[in-house]
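Reader: I would like to learn how to read the place where two chains meet. Could you take me through the general idea and then the case at hand?

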Number of protein chains: 2
Amino acid sequence: MVDPLPEANPRRPAGRRKGDSGSKDAVLDAARDLFAELGFEGASMRAIAARAGVDPALIRHFFGDKDGLFVATMENRTQIPDRIAAALAGPPDSLGERAANTYLGLWEDPETQPILLSLVRSAMTSDKAAQLLVEAIAGRVYGASVSDAGELAKIRGMALAGSHLFGLAVARHIFHIPVLDEMTHDELVALVAPVIQQYLTHLE
Amino acid sequence: MVDPLPEANPRRPAGRRKGDSGSKDAVLDAARDLFAELGFEGASMRAIAARAGVDPALIRHFFGDKDGLFVATMENRTQIPDRIAAALAGPPDSLGERAANTYLGLWEDPETQPILLSLVRSAMTSDKAAQLLVEAIAGRVYGASVSDAGELAKIRGMALAGSHLFGLAVARHIFHIPVLDEMTHDELVALVAPVIQQYLTHLE
């Protein structure tokens, strides 16, 4: 068998240093961990660089400032805005089921759950972090699914659906409310999908 | 005019030291502030006593251990479990409206909002704090409104309604999602009451 990814990868863009993606991953891991441990305000770029074993200048080169790094931990590692936008883009009849399944699924996934925890804890203790998250998600999600951004009822419906699913995920995965903890993912999706559908399609 | 509360208050129970209620208030204020600043694990009984200007032994005398103090900051200052139980006890037709109005009202009230913030931030960062909150609320709320505690559908409905309202309050008051932030309390209650009603009465 031929190695599908030979060492001299012809698709690597010119000008990127070998090892960049390893350093990026190390920075994103360190950012996720330190935002979770110390919150958005408490985690300094210096501390994140030290944890990742890189120079702070490299973080600025990759992600700009701390705001950019925070948004990148969400976008690069969970693709939350993209996945939600994709779920909202399909046929309208199963919109509620797709939205609930996609969002709650991100909290079930052992890859994405620690990142969601880190983001939520940061946003609970920092107005700036909350604002960055809201803008990153709203910009992507509204843009993809509301043709006329002035349609207040649709945006309200999305905000109600989103906050409902968020509260449910926290109640299940952080507060461990027994009756929610005990349900399977599919049972939970089946229970909330009609309400999410209602908010996303029937709100006036 | 006669002072309605003369210094020698005849209603003061025998055996209580003068100043007890002032010390209790100071301890509950200090607990609320330190749980908010340092989280449940980070706030020590010693630090709370120092902030309140009392001896740690007095806190143990009033509230037992740190668990008891944490639950007391919720119960004594917000009466959340009692108020929610009362809202659930009225006529079934307006159940969703009363539950939404009562719960979201606690987050609007400048007296109770800082305590809710402190409790939620503690519960987001400590499994123990989350467990104490869930037990205190569930014990009081289920006991008052579910005749047969085994009725799984009713308890599920309450957990879904509660987590929906919780997510909405966080999205509005902590994340400041613009479209939710801009609505009046009454508009928001009117939008979610039908869904809360559905969860509390029609879930199968």
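Author: A salt bridge is a side-chain nitrogen of Lys or Arg within 4 Å of a carboxyl oxygen of Asp or Glu. This is a predicted model, in which local features need pLDDT of at least 70 and side-chain atom pairs count only at pLDDT 80 or more, while totals for chains, interfaces and linings use all residues. Residues are numbered from 1 along each chain as its sequence is written, chains are lettered from A and ligands numbered from 1 in the order in which they are written, and side-chain values use heavy atoms, with hydrogens and water left out.

Reader: How many salt bridges are there between chain A and chain B?

Author: Between chain A and chain B the count is 2 salt bridges; in one of them Arg156(B) pairs with Glu187(A), the closest N and O atoms being 3.8 Å apart.

Reader: How much area do chain A and chain B bury between them?

Author: Buried area is the accessible area (1.4 Å probe) that two parts lose on being put together, summed over both. Here the two chains bury about 3200 Å², 74% of it on carbon and sulfur atoms, and in chain A the residues that lose the most area to chain B are Met124(A), Arg156(A) and Phe175(A), together 21% of what that side buries.

Reader: What relates the two copies?

Author: Two copies of a chain are related by a rotation about an axis and a shift along it. After least-squares superposition on the C-alpha atoms of residues with pLDDT of at least 70 in both, a rotation of 180 degrees with 0.0 Å of shift along its axis places chain A on chain B (RMSD 0.0 Å), which is the relation of a two-fold axis.
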